[in-house]
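User: I am new to reading protein models, and I would like to go through this one step by step.

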Amino acid sequence: MQQQAALHNSWLSVLMVDIDHFKRFNDYFGHTEGDRCLSIMASILRVWASSHSGFLGRYGGEEFMVIVPHADPNEAYRVSEHIREQIERHSANCLPPSTQFTHLTVTIGVSSLEGEDIAGSIDALVEAAD
């Protein structure tokens, strides 16, 4: 994907989606609920990625990486807001029924590069989004 974007002089954007305070969530509800929550979050992200030619990967414990081809910085920001809203809207499904919490939030880092700037810079692109 990196080479295609460089070759076609198009944009490539990376979004790093990090579940806020996930360690506390895991400690409070337990690892089984934490795994269930990660699975639900991944499903939300997978739906977006599969319907928009994006790519999804797990990156670390509670982080996900979304690669968005052909998205300039403005489009990548719009994508990140859409994803954030979807997660906030559906995050109550992650929470056990007997809790006082109403939703989870995420922080999303966005990084974009265009054309030949991408060649050899994928690590920098990921680092900037992270």
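Analyst: Helices (H or I, at least four residues) and strands (E, at least two) are DSSP runs, numbered from the N terminus. This is a predicted model, in which local features need pLDDT of at least 70, side-chain atom pairs count only at pLDDT 80 or more, and totals for chains, interfaces and linings use all residues. Residues are numbered from 1 along each chain as its sequence is written, and side-chain values use heavy atoms, with hydrogens and water left out.

User: How many helices and strands are there in the protein chain?
Analyst: Read from the N terminus on, the elements run α-β-α-α-β-β-α-β-α. The protein chain therefore holds, with helices and strands taken as DSSP runs, five helices and four strands.

User: Where does Ser91 lie?
Analyst: His90 belongs to helix 4, which covers residues 73-90. Ser91 lies in the loop between helix 4 and strand 4 (106-114).

User: Is Ser91 buried or exposed?
Analyst: Buried means under 20% relative accessible area, exposed over 50%, and partly exposed in between (1.4 Å probe, protein chains only). His90, at 31% relative accessibility, counts as partly exposed. Because its relative accessible area is 0%, Ser91 is buried.

User: Which residues is Ser91 in contact with, leaving aside its neighbours within four places in sequence?
Analyst: Contact means heavy atoms within 4.5 Å. With those neighbours left aside, the residues in contact with Ser91 are Met41, His103 and Leu104.

User: What separates the C-alpha atoms of His90 and His103?
Analyst: Along the chain, His90 and His103 are 13 residues apart. Their C-alpha atoms are separated by 8.0 Å.
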